[in-house]
Amino acid sequence: MKTFLFCVVVLLVILIGAFLYRVLQGPTIFDRLLGHNGISTKAIILLIVIGISFERVDMFIDISIGYALLNLVGALAVAKYLEQKGASIE
Amino acid sequence: MNMLSIIFIVAGLFFMIVAAIGVIRLPDVFSRSHAASLADSLGAFLMLVGIALHEGLGINMLKILVVLALLYILNPVIAHATIRAALRSGLKPWQKETS
């Protein structure tokens, strides 16, 4: 069981690397925003899995809720701002 | 950890891997948003259901379900807002070149 959770953590970190490639490489700013959204989703799940692995879920789940509120609402605010202002596309 | 939660977590990991491949391989932002919103939301849903089943009844399961509701509502909303901003700022959808 410990080994299974460790494999899940390693696989999630590899998936974060895949999204990070899109954030660094993406041609427009909207690609970077989508990549940021995917990274924040993975990070929330990663925190909960680490909490189960350490058997301290009651502490890690609160950090995870705070992270979800900050990141997702922040990304939504950036998207609405770009929608009103309009981004420059080369 | 019972068998059911392991099945749910592995299914969620499968959908997340599909989402990552789609985000790397697809050609433009409109098609990438399918991978980044649909497959990613379903993968997060399945993984959090598996974790909640492992945790059992209690206050921790309730908090995990709160995180699940937040992710499952806000992830497609962010993708939709991003794509609407891309469309309104004049980005053209990708088309296959006719040779």
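In the predicted model, the buried positions of α1(B) are F8(B), I9(B), G12(B), L13(B), M16(B), A19(B), A20(B) and V23(B). These buried residues pack against α2 (29-55) of chain B and, in chain A, against α1 (2-25) and α2 (29-54). Helix α1 of chain B covers residues 3-25.

The axes of α2(A) and α2(B) come within 11 Å and cross at roughly 10°. Because angles under 35 degrees count as roughly parallel, α2(A) is described as roughly parallel to α2(B). On the α2(A) side, the contact is formed by F30(A), D31(A), L34(A), N37(A), G38(A), T41(A), I45(A), I48(A) and I52(A). The residues they meet in α2(B) are V29(B), R32(B), S33(B), A36(B), D40(B), A44(B), M47(B), L48(B), I51(B) and H54(B).

Over the whole interface, 41 residues of chain B are in contact with 37 residues of chain A. On the side of chain B that touches chain A, α1, α2 and α3 (59-88) each supply at least two residues. The largest share of that side comes from α3(B), with 18 residues. By class, the side of chain B that touches chain A has 28 nonpolar, seven polar and six charged residues.

Note on methods: Residues numbered from 1 in each chain as written. Chains lettered and ligands numbered in written order. Predicted model: local features only at pLDDT ≥ 70, side-chain atom pairs only at ≥ 80, totals over all residues. Helix = DSSP H or I, 4+ residues; strand = E, 2+ residues; numbered from the N terminus. Expected span 1.5 Å × (residues − 1). Buried ≥ 20, exposed ≤ 12 C-beta atoms within 10 Å, placed from the backbone. Contact = placed C-beta atoms within 7 Å. Axes fitted to C-alpha atoms, helices over the stretch in contact; angles between N-to-C directions. Parallel < 35°, antiparallel > 145°, perpendicular 65-115°, else oblique. Nonpolar A, V, L, I, M, F, W, Y, C, P; charged D, E, K, R; others polar.
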